[in-house]
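The questions below ask for both.

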Amino acid sequence: MSDIGQKERQTQNRLIALFQNELGYSYLGNWEEREDNSNIEVEILTDWLSNKGYSKILIGKVLYAFNKVANDQSKSLYEVNKEVYSMLRYGVPVQSEIGHNKETVWLIDWKNPLANDFAFAEEVTIKGIHNKRPDIVLYVNGIALGVLELKRSTVSKSLIMVWLTKWIREYNPNGRVLVITDRDELDRQIEKVYNGVSENIYRTKSGKDLLHRLNDNSPWLICSLVHKFRGKEEGDVDEYLQELKNNIPTDFKAKGDLYVFVDECHRTQSDKLNKAMKGFLPNAIFIGFTGTPLLKSDKQTSMDVFGKYIHTYKFDEAVSDKVVLDLRYEARDIEQKISSLEKIDEWFDLKTRGLTEYAKTELKQKWGTLKKVFSSKSRLEKIVIDMMLDMEKKERLQNGRGNALLISDSIYNACRYYELFKQAGLNNCAIITSFVPTHADIKGEESGEGYTEKLQRFEIYQKMLADYFNENPTQALKKVETFEHEVKEKFVEEPAQMKLLIVVNKLLTGFDAPPATYLYIDKKMSDHGLFQAVCRVNRLDGDDKDYGYIIDYMDLFDSLKGAFKDYTSNAFDAYEKSDVEGLLKDRLKKGKERLDEAMEAIKALCEAVDPPKDILAHIHYFCGMNTENPDELKETEPKRVALYKLTISLIRAYANIADEMNDAGYTDKETEQIKIDVKHYEILRKEIQLASGDYVDLKQFEPAMRHLIDSYIGAEESRMLANFDNLSLVELLVEKGEEATKVLPKNIQADKKAMAETIEHNLRKVIIEERPTNPIYYEKMSLLLDELIKLRKAATLEYEKYLKKIIELSAKIKQPNVTAEYPTSMNTNAKRALYDNLGKNEELAKELDHKILTTKKDDWRGNKIKTREVQYAIKEVLETHPVDDVKARVYNILNLVKNQKDY
């Protein structure tokens, strides 16, 4: 049997073995079905506290105080977490009796870490409005402190600063921390991060203010901006140092043990600034942070300033850890031709009549080569057409989940690009540059010789703003900042509404630069600026973003010229090769590898299907052999999930290079076979989704998949599944009866047994899903289904009669209010569920329904106090009726009530 569908399970098993065998954690078990799982396992915590010698009275008071804080629904999650952290880290002060001194009870033994009780459980079901089931939960002394979901995570420089600050503060009471940045947004971000963990950081207002604070004993935590002068975006080091020198007190001496964190140290802490800072703070320890590799020219200076690296984390490591995405690179050649050089020379001579030779030369130098002038518009148009094709072909651009940045070489060309995209029909695009249009820009530009660059960019920008705000151009010009904020927010949060941003320098660097899926480069770039720009597209963004894509119209890496693609040379020449190695990978080469791997994986998964490997054999493998056994459908679920994921991966991998299979290295024969195989697995995926009842549940990628299939595969058999119109097979059977079977794939229609098992699996799944809402009713439905399956297998029921009865059962399962006999007063699903599960006691069901509706509060399921109120209401009603074992009934009815949408 293939184990590909068990990869997540295997990973989980390895972690379980790690925690048990190597880390010594106790295994608490699989808690998927365990009732009343809690963030505080009282029994475990009580035992541990007892072993520590605390009295029952103290333990009772601690548990009350800790539970009260941990489950306080009146406060925000942040506030609750902050108070819980304080109790965990610093203990819980409680009084054993009135008049006694408070005693600190430690929930965790920090002095003797190994004296704590380390344990874990898997599949821990947490019930609420939306049930959750983490893969693994880690407990220390019965307190849930960690959750493992086998997903991806990332750590920022700011958080490392925070953790290091807290460590310094804890182990050095005389310690003080100064954080230095050179950009206002970084300064504000650091303040926000520190405040978020209840550390008040003081932001200095000037160099003078910084010296004053350092000369005093407080505050202990400070951040300082290398302040801007004359409107510069980054801090001006020379003027900043001059300000410090002008304002240093005569008795200045920095107090405390000072630790200086220098953010973006390659940029902020130049040799000049460092020497000056060390002059002011001779005993301070300097620690540098940077989010990008150091240029060769900066490396030695940084080493001299800060010493050797404490830790490095390179791009390849981040990709391997799945913290960032791999990048795929593609150079595109936009050919330019000049039809007549003679005509250009003639035009230039005519336009410059009367000018001296010196003036003509100066004019030529200003405009650059005439080739560039005359070919520019044609070239921009070709790039726009090229990108518009991508908008229709590339999955994340086509389906609205992805976005793109276009880097232009000038504000003028950015405006022309915008105009061309609008003319091509792309309305959800915008320009964001440092240009702020004002009428002063075009003063004196009316020369009578047509539009100048300044006039053209002003009018395009003005029209863009006016169209966006749908108001008078003069008023719209005042809203550039609002426009940029809203457009950037849409680009990140609603890419379907803002698919493309055209930029020049803005939004390419810094922590707040937006992520994208595609980056189109039409500007000469290199080294640090290029590195930060390409990293706009390596951010994680959902399961359907596999890579970031770089499309290079400037051939920055000379990949069109050379036979070998070494992306660390030329454009990244100023970096150490090892620091940027593996940053970009050839799109077609990696695309072929990805397609081959995807094809191999899905074939390996299906290899274990029994001969003759027809549709029935696949249904047995992916859904189970016996439709009478409801557990088989659940047990085979990992294999189905693997099939669905691998099919999607295969289709994506194929679609990325479908138009370039020969260029990627496939022969015509191989290409045709791959197309057939992709079509086969797409159809199989749909058939198994239908056979198992999963069809309506797995729609995340449907729009994109449909587009790709229609564009590249043409799977007629699977296209007709669109006739389902978001209905499940059971719903379709109820609505259309036997006619519904005619929309099933031909493979299933042609095999009566496959058809029967497909319907039975779907009915079984509905019964399993609906059972918690009315256990008594759906248990009856399950027994009826079992009887029909037995009759079919024993061949004692003709297929046509079986089909009629199975359709009748579908109606009973999906519409109990129509097909079952209920009193007219039982007019809601909730009342019917109470009626069925309370011995068909109509009056009791009515009274209980009324009591619950008048007692429950909003969001009561996730709140212990509100849930308890509903529980007491149920108990109060049951006690007025002759009901056996009220306590057990209350518990059962409460669980039933929790599953009713009416409540």
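Q: What share of the 903 residues in the chain is buried, and what does buried mean?
A: Buried residues make up 48% of the 903 residues. Buried means under 20% relative accessible area, exposed means over 50%, and partly exposed lies in between, with a 1.4 Å probe and protein chains only. This is a predicted model, in which local features need pLDDT of at least 70 and side-chain atom pairs count only at pLDDT 80 or more, while totals for chains, interfaces and linings use all residues. Residues are numbered from 1 along each chain as its sequence is written, and side-chain values use heavy atoms, with hydrogens and water left out.

Q: How many helices and strands does the chain have, and what counts as one?
A: The chain has 40 helices and 18 strands. Helices (H or I, at least four residues) and strands (E, at least two) are DSSP runs, numbered from the N terminus.

Q: Why is Ile550 called buried?
A: Its relative accessible area is 0%. The cut-off is under 20%, so Ile550 is buried. Ile550 sits in strand β17 (residues 547-552).

Q: Which residues does Ile550 touch, not counting residues up to four places away in sequence?
A: Ile550 touches Arg328, Tyr329, Glu330, Leu519, Ile521, Val534, Val537 and Leu584. Contact means heavy atoms within 4.5 Å. Leu519 is 31 residues from Ile550 along the chain, with their C-alpha atoms separated by 4.9 Å.

Q: What makes Leu878 buried?
A: Leu878 has a relative accessible area of 0%, so it is buried. Leu878 belongs to helix α39 (residues 864-878). Not counting residues up to four places away in sequence, Leu878 touches Leu838, Leu844, Val883, Val886, Arg889 and Val890.

Q: Why are α33 and α34 called roughly antiparallel?
A: The axes of α33 (residues 752-770) and α34 (residues 775-793) cross at roughly 165 degrees and come within 10 Å. Axes are lines fitted to C-alpha atoms, for helices over the stretch in contact, and angles run from 0 to 180 degrees between N-to-C directions. Angles under 35 degrees count as roughly parallel, over 145 as roughly antiparallel, 65 to 115 as roughly perpendicular and the rest as oblique. That makes α33 roughly antiparallel to α34.

Q: Which residues of α33 and α34 make the contact?
A: Among them are Ala756, Leu763 and Ile767 of α33 and Met781, Leu785 and Ile789 of α34. The contact divides into seven nonpolar, one polar and seven charged residues. Ala, Val, Leu, Ile, Met, Phe, Trp, Tyr, Cys and Pro count as nonpolar, Asp, Glu, Lys and Arg as charged, and the others, Gly among them, as polar.

Q: What makes a set of residues a nonpolar core, and which residues of the largest one touch the most other members?
A: A nonpolar core is a set of buried Ala, Val, Leu, Ile, Met, Phe, Trp, Tyr and Cys residues joined through side-chain atoms within 4.5 Å. The largest has 90 residues, of which Leu595, Phe622, Leu643, Ile806, Leu834 and Ile874 touch the most other members. Helix α26 (residues 637-657) gives the most to this core, nine residues. Apart from it lies another core, of 80 residues, including Met391, Tyr417, Phe421 and Met464.
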